[in-house]
Amino acid sequence: MTTSATGENCIRSLPFINKSVAVITVSDRGARGEREDRSGQVVAEQLESQGYLVAARSIVPDEIPEIRRLLCRYSDQDKLGLVITTGGTGVSPRDVTPEATLAVVERIVPGMAEAMRAASLGKTVHAMMSRAVVGVRGATLIVNLPGSPKAALENLAVLLPALPHALEKIQGETSDCAKLRTHASPSEP
Amino acid sequence: MTTSATGENCIRSLPFINKSVAVITVSDRGARGEREDRSGQVVAEQLESQGYLVAARSIVPDEIPEIRRLLCRYSDQDKLGLVITTGGTGVSPRDVTPEATLAVVERIVPGMAEAMRAASLGKTVHAMMSRAVVGVRGATLIVNLPGSPKAALENLAVLLPALPHALEKIQGETSDCAKLRTHASPSEP
Amino acid sequence: MTTSATGENCIRSLPFINKSVAVITVSDRGARGEREDRSGQVVAEQLESQGYLVAARSIVPDEIPEIRRLLCRYSDQDKLGLVITTGGTGVSPRDVTPEATLAVVERIVPGMAEAMRAASLGKTVHAMMSRAVVGVRGATLIVNLPGSPKAALENLAVLLPALPHALEKIQGETSDCAKLRTHASPSEP
């Protein structure tokens, strides 16, 4: 127990990491039930095998308002630590997942998107067409993955080694002491 | 022939790719006729050797309104599949091609710009100063290349293997059925 | 001596490069005097060993208004050639240096940030969490570096070989002839 500069008692949070995850499949055909959601399935399985708790899975059409609404619900209301989307990151006219994501994140993390593309580019030139965005909304990390199961898993694998530390940092100030964060800043880099 | 959800008959487009291109040289001196437009020339030749049809070439000064106007005309009016600029991507005070491009594209394709810079960085540290942007406006891909003939060709070579598939995806919904794209989405990734 | 198109006499600037630098440490704890400013120190030393003149050093808390104010002062008022920040580039809730930088730069230089991250990624996966921004305000290059001394120096080392040419280009039009830049454009790429 520490005493803050303002005199309030405050229990410092243990380094608990919120590893609850939502996986959103963005696909017109998937949302109409015309295509099996294999990407969402394999991404969820991979996350669970790495110790994440998949708390929700959804399928939405490639519509910015619907994607935005889900991203905000999982971040603001359900307070999940991580939201992963799969699909809608390409250059087809209906691909708008990056735009929906940019509209809701408060801070972008371009290095994670760059790292995914750079790794994928070693496998296929088409990786340069992924417009995936990674960003932070509140205490939630939002990650776009491509729509094909293979590409989604390959991209996720690039992030996995960095995710625990990233989530810990993002959640650094969400303890009961968060309101005192001007005075106590344990997660400063 | 398929029947759309709204009952209209609609011929699905064959996988025809619009490979018509405009090459815009952005250069104050070029626009004043003080410098030969070698970059535009070599870029156009390289594109034609790869099966593209160079439908237009222009030289404009480093002025955002003039660059914007050309980008919009080639996209919206002439409906070219690809617009390539060369020049104005650096950090000199007059270099504003990226800003003009960002002002007109609806969706950016950061991976293409990253891939060009990453490849160039293996040849010269100065590649990190290229602020080139790649993005999509309507059914047109807009690509910034550097101003030197050598750098322009090197950067173009990075994109060429990915361009046919990129253009096909971008043009996925530009058939007569485009207005029905909520119902028919053949190019979903 | 050349005569401009408007008839004024104008001495073309020699290729003098303004290598004056400010180093800003962005750290809540540093600003409260609770942590020694090692990053600012090592960055300043490294710059001086490379022929830069460290004209100012500051420590500010992780607050966007304070960071913005300093960036603008060093650019607009002190007219330094380079402003380097260290700290506040991560994903912790208080990390806002990139947002403060994006708010004041007129043109971003994404390739410099990408090059730093790509090089760091070869050393640690956590490099992908750096959200560092590089951009230009007026004739000043603004560079974000991470907060740890080791990471700051590693990232700076990536830029150093490209910096002289970058600064020369950025300052290309800041001579007495700058107002004539429509007519004389010596730094065109």
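## Strand pairing in chain C

Two strands count as paired if DSSP finds at least two bridges between them. In this predicted model, strand β5 (residues 82-86) of chain C pairs with β8(C) in the parallel sense, over five bridges. One bridge can be named: T85(C) has N144(C) of β8(C) as its partner.

Strand β7 (residues 134-137) of chain C also pairs with β8(C). Here the sense is antiparallel, and there are four bridges. R137(C) stands opposite T140(C) of β8(C). β7(C) and β8(C) form a hairpin with two residues between the strands. In that hairpin, G138(C) takes a positive phi near 55°.

## Burial of β8(C)

How many residues of strand β8 (residues 140-145) of chain C are buried? Six of the six are, so the strand is largely enclosed by the rest of the structure. The cut-off behind this is 20 or more other C-beta atoms within 10 Å of a residue's own.

Both faces of β8(C) are covered. One side carries T140(C), I142(C) and N144(C). The other carries L141(C), V143(C) and L145(C).

## Helix α2 in chain A

Helix α2 of chain A runs over residues 38-49, which makes 12 residues. At 1.5 Å a residue, the helix should span 16 Å. The expected span is taken as 1.5 Å times one less than the number of residues. The end C-alpha atoms of α2(A) are 17 Å apart, which agrees.

Which residues of α2(A) are buried? They are S39(A), G40(A), V43(A), A44(A) and L47(A). These cover an arc of only 125° around the axis, which puts them on the same side of α2(A). E48(A) and S49(A), on the other side, are exposed.

The buried residues of α2(A) have several packing partners in chain A. Four are strands: β3 (20-26), β4 (53-60), β5 (82-86) and β8 (140-145). The other is helix α6 (149-159). Just after α2(A), G51(A) takes a positive phi of about 95°.

## The contact between chains A and C

Chain A puts 23 residues into this contact, and chain C puts in 25 residues. On the chain A side, β6 (107-108), α5 (110-121) and α7 (163-170) each supply at least two residues. α5(A) gives the most, with six residues. By type, the chain A side divides into 12 nonpolar, five polar and six charged residues.

Do the copies meet through the same or different surfaces? Only 9% of the interface residues of chain A are also interface residues in chain C, so the surfaces are different.

## Symmetry of the copies

Two copies of a chain are related by a rotation about an axis and a shift along it. For chains A and C, the turn is 120° and the shift along the axis is 0.0 Å. Chain A then lies on chain C with an RMSD of 0.0 Å. That is the relation of a three-fold axis. In chain A, the C-alpha nearest the axis belongs to E114(A), 4.4 Å from it.

Chain B superposes on chain C by a rotation of 120° with 0.0 Å of shift along its axis, at RMSD 0.0 Å. In chain B, the C-alpha nearest the axis is that of E114(B), at 4.4 Å. Only 8% of the interface residues of chain B are also interface residues in chain C, so these copies meet through different surfaces.

Conventions. Residues are numbered from 1 along each chain as its sequence is written. Chains are lettered from A and ligands numbered from 1 in the order in which they are written. This is a predicted model: local features need pLDDT of at least 70, side-chain atom pairs count only at pLDDT 80 or more; totals for chains, interfaces and linings use all residues. Two residues are in contact if their C-beta atoms, placed from the backbone, lie within 7 Å. Ala, Val, Leu, Ile, Met, Phe, Trp, Tyr, Cys and Pro count as nonpolar, Asp, Glu, Lys and Arg as charged, and the others, Gly among them, as polar. Copies are superposed by least squares on the C-alpha atoms of residues with pLDDT of at least 70 in both. A residue is buried if 20 or more other C-beta atoms lie within 10 Å of its own, exposed if 12 or fewer, and partly exposed in between; C-beta atoms are placed from the backbone. The arc is that of the directions from the helix axis to the C-beta atoms.
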